[in-house]
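Please read the following note with the sequence and the model open beside it.

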Amino acid sequence: MLKIAYGAAGLALASLVAGSANAQLIAHKDISLAMAVTMARTAIETCKGNGYNVSVNVLGRDGEVILALRNELAGPATFENSMKKAYTARTFRRPSGEFAAGVKGNPTAGALMLNNIVAAQGALPIKVGDDTIGAIGVSGAPGGEKDEACAKAGIDKVSAELK
Amino acid sequence: MLRTAHLATGLALAMTCGVATSTNAQLASHKDLTLPVALTIAETALETCKAQGNKVSVHVVGRDAEVLVAMRGDDTGPHTMENSLRKAITSRMQRRPSGEFANAVKQNPTAGALHLANMIPAQGALPIKVGDDVIGAIGVSGSPGGDKDEACAKAGIDKVADQLK
């Protein structure tokens, strides 16, 4: 499913951008596992410091899971929720909370029918300039804004390397 | 799919309770993996394989075969995430190395267990135990050979051996 979506998007993008030199490959940066581990650990520790136990997912450019961490002290739903929030942030290239706010006025939005999309705050896109290369999703704190703050702490920790 | 596995575990627990009828007010008491321990196991396995020149992905699952850590190694094949997960689940369900299960089904290719969701006859996963109690499993995929994956899984468990009690 994800693979098909990626293939379609990738082809469309490559065709548009590289129309004048159609033999060119696309070059881009991607998240390494080491960077994902640093972001996820930082997010969990930040939330723990604030008094909350959270689960975290870090997804890559294709929406693929690079790192998924289930916090045994958080609720069972947090593992799935953090993944879906991250997938939503990656897909729409913006905070999942912004997407959630956007669909409040349009509860039948088609985007809500896509798999793994969730209208809930707590995930942020991971960017290199304007290029979204992944997302981090957090779930478990009492309030999406508290989850999002921990996601931000995770990204901030590696911001010097996101270029 | 995992939910099915979870229900099966629930049934197994119910049977355990059935055995304990003489003291039916007692709760089950057991140890479980924490995220820090699971993460140490996974990172050690991945680094061990990396030091051997092999790029792998790793899954650590808990008592109910629920995913505790899913870790996609840099530059690994796309299948390594599914494969490491299924090896780990197989090892947890069978309470033995997934490679032992693989050998067993060679003699019995129509084994019913092969038809359960997520079971896979492939070496590279080991159960995580506290004494005789299986509390989870670690699965590794990506090395050229299940024996190499399994060695990294073992390194991960060995790293936390003093905490598995």
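Predicted model: local features only at pLDDT ≥ 70, side-chain atom pairs only at ≥ 80, totals over all residues.

1. Residues are numbered from 1 along each chain as its sequence is written, and chains are lettered from A and ligands numbered from 1 in the order in which they are written.

2. Chain B contains five helices and four strands. Here helices (H or I, at least four residues) and strands (E, at least two) are DSSP runs, numbered from the N terminus. Read from the N terminus, the order of elements in chain B is α-α-β-β-α-α-β-β-α.

3. Of the 165 residues in chain B, 44% are buried. A residue is called buried if 20 or more other C-beta atoms lie within 10 Å of its own, exposed if 12 or fewer, and partly exposed in between, with C-beta atoms placed from the backbone.

4. Two residues are in contact if their C-beta atoms, placed from the backbone, lie within 7 Å. Within chain B, considering contacts between residues at least 6 apart in sequence, 67% join residues at least 24 apart.

5. Between the chains, 14 residues of chain B are in contact with eleven residues of chain A. On the side of chain B that touches chain A, helix 2 (35-51) and strand 2 (67-71) of chain B are the elements that give two or more residues. Strand 2 of chain B supplies the largest share of that side, five residues. By class, the side of chain B that touches chain A has eight nonpolar, two polar and four charged residues. In this count Ala, Val, Leu, Ile, Met, Phe, Trp, Tyr, Cys and Pro are nonpolar, Asp, Glu, Lys and Arg are charged, and the others, Gly among them, are polar.

6. Strand 2 (residues 65-69) of chain A and strand 2 of chain B run antiparallel and are joined by three bridges. Two strands pair if DSSP finds at least two bridges between them. Ala68(A) has Ala70(B) as its bridge partner.

7. In strand 1 (residues 55-59) of chain A, five of the five residues are buried. Ser55(A), Asn57(A) and Leu59(A) point one way, and Val56(A) and Val58(A) the other way. Five bridges join strand 1 to strand 4 (residues 131-139) of chain A, antiparallel, with Leu59(A) opposite Ala135(A). Four bridges join strand 1 to strand 2 of chain A, also antiparallel, with Val58(A) opposite Leu67(A). Strands 1 and 2 of chain A form a hairpin with five residues between them, and Gly63(A) in the turn has a positive phi of about 75 degrees.

8. Among the buried residues of helix 2 of chain A are Leu33(A), Met39(A) and Cys47(A). The buried residues of this helix pack against strand 1, strand 2, strand 4 and helix 5 (144-157) of chain A together with strand 2 of chain B. Gly51(A), which follows helix 2 of chain A, has a positive phi near 95 degrees.
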